[in-house]
Amino acid sequence: IDWCHPAFRRSDGSSKILYYYVPETNTEYTRTQIEQFISEGRCNGDPHGHGTHVAGIASYIAPEADLIVVRTNFYDTDIIRGLQYLRNKKDSLGRPMVVNMSFGGHFGPHDGTSMLERAIANLSGNGFVVVAAAGNSGYIRMHARISGINSTVSVGLSSFESYGDLIDGWYKNGTLRVEFCDIFNNCISAEPGTLVGGRLPGGCRVIIDNIETNHPLNGDGRFWIDFYCSGSFTIRLTPRSGTPNADLYLVLEEGAFWDCFLDDGLGGFLGTVVQPATSPYVIAVGALTSRFSTMTSRSFIDLGKIAYFSSRGPTRDGRLKPEVVAPGYFVLGPKAGTDDYILMAGTSMASPVVAGLVALILEENPNLDVNGVRGILSSQALSDGFTGSLPNNIYGYGKAFLSSFSSVGSVGSIYVGSLENF
């Protein structure tokens, strides 16, 4: 975060940033230190501008809230340390806190049982609520679902990049042989309980890990296919026991499935919400097309509709996601390294809008947990001709909205925690 930006300064010149923490080095800066850095012109670098923009949006919605910013390297262990730090701060300060997480990924079970999501579940509680971006995968056929596999099933895919992709597969109710084949029917095959590596005749290097038939996270079967090439391929799944149901995810999103993807009927694809937004202890936020930009005519044509990229639910275990949608395509926020503002797009921008709203909710109801906050957001969310019948896995319970709050705009007793990469 660029703590020198005026978006993070109060009218008296003091900083809105109460603490800045780096878990990787266990380094903490206090408001006093940050204000000293600002006076010396030592502005914290944010070369991509993502963290500055996101934190600025949350601060705009809840302008009197203090910010506690955690810089993460995106490893789960680092993020978990950051979350524990924020929870400890919440407890020591004796104030409610909303944590915004504008990041996510597709390597994992998508059912709330990943290590990061388990940590969120353990830390979540009264006055400590996590909000996260739903993801920007809604326009990509990166998820395939195959139900009731009683004979060999083939799933085609394309890989667009020479470095390939990583397929993460999870299944229930049996075991599977997994094969990865090229267009000439040359295959690398792995039986349940095995790890196999090799090269296809064209030189493509393939590793299939089919070891876990009873994964310690959730008891499900899990395989992954790591391949290093572009082109057209087929995954073959053959039941070795039971009648499995399988979900496959293209983790790097550098390709697309030809078969078994779930079309949402609006040009997007279901089952594309990222982790940790798939957690039942997280308020997941999708993005609305909210502002016209000359960068793309689509921002005008789709104004008021779901953003084409906004990830859709449900989770792998069938729960509704996202909970709500908010402006995300495009949103004006502070531009790092300047005193100016810039338009950016993504569910990363929608999530802090809702985090700010949650700060307002916690101002009035400081002991609410995630379910209490979810109840308020879902009951007050708006519907219109675009949303269709609610709830659904595109708009959730609707467009995020809060009716009158006596203290809107004055949330000095609330702390907004933000986990970012800068």
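Q: Let's start with helix α1, residues 31-39: which of its residues are buried?
A: This is a predicted model, so keep that in mind. In α1, the buried ones are Ile34, Phe37 and Ile38.

Q: Why do the buried residues of α1 line one face of the helix?
A: Here's the general idea: an α-helix has 3.6 residues a turn, so residues three or four places apart point the same way. Now look down the axis of α1: its buried residues fall within an arc of 100°, so they line one face.

Q: What covers that buried side, and which exposed residues sit on the face turned away?
A: The cover over the buried residues of α1 includes β1 (17-22) and β2 (27-30). On the face turned away you'll find Thr32 and Ser39, both exposed.

Q: What does the backbone do just after α1?
A: Check Gly41 there: its phi is positive, about 75°.

Q: Next, strand β5, residues 128-133: how many of its residues are buried?
A: For a strand, look at each side in turn. In β5, 6 of 6 residues are buried.

Q: Which strands pair with β5, and in what sense?
A: Strand β4 (residues 97-101) pairs with β5 in the parallel sense over 5 bridges, and Val99 stands opposite Val130. Strand β15 (residues 282-289) also runs parallel to β5, joined by 4 bridges; there, Ile283 is the bridge partner of Val131.

Q: What do β4, helix α4 and β5 make together?
A: With α4 spanning residues 115-123, they make a right-handed β-α-β unit.

Notes
Residues are numbered from 1 along each chain as its sequence is written. This is a predicted model: local features need pLDDT of at least 70, side-chain atom pairs count only at pLDDT 80 or more; totals for chains, interfaces and linings use all residues. Side-chain values use heavy atoms; hydrogens and water are left out. Buried means under 20% relative accessible area, exposed over 50%, partly exposed in between (1.4 Å probe, protein chains only). Helices (H or I, at least four residues) and strands (E, at least two) are DSSP runs, numbered from the N terminus. The arc is that of the directions from the helix axis to the C-beta atoms. Contact means heavy atoms within 4.5 Å. Two strands pair if DSSP finds at least two bridges between them. A crossover is right-handed if, with the strands pointing away from the viewer, the path from the first strand over the helix to the second runs clockwise.
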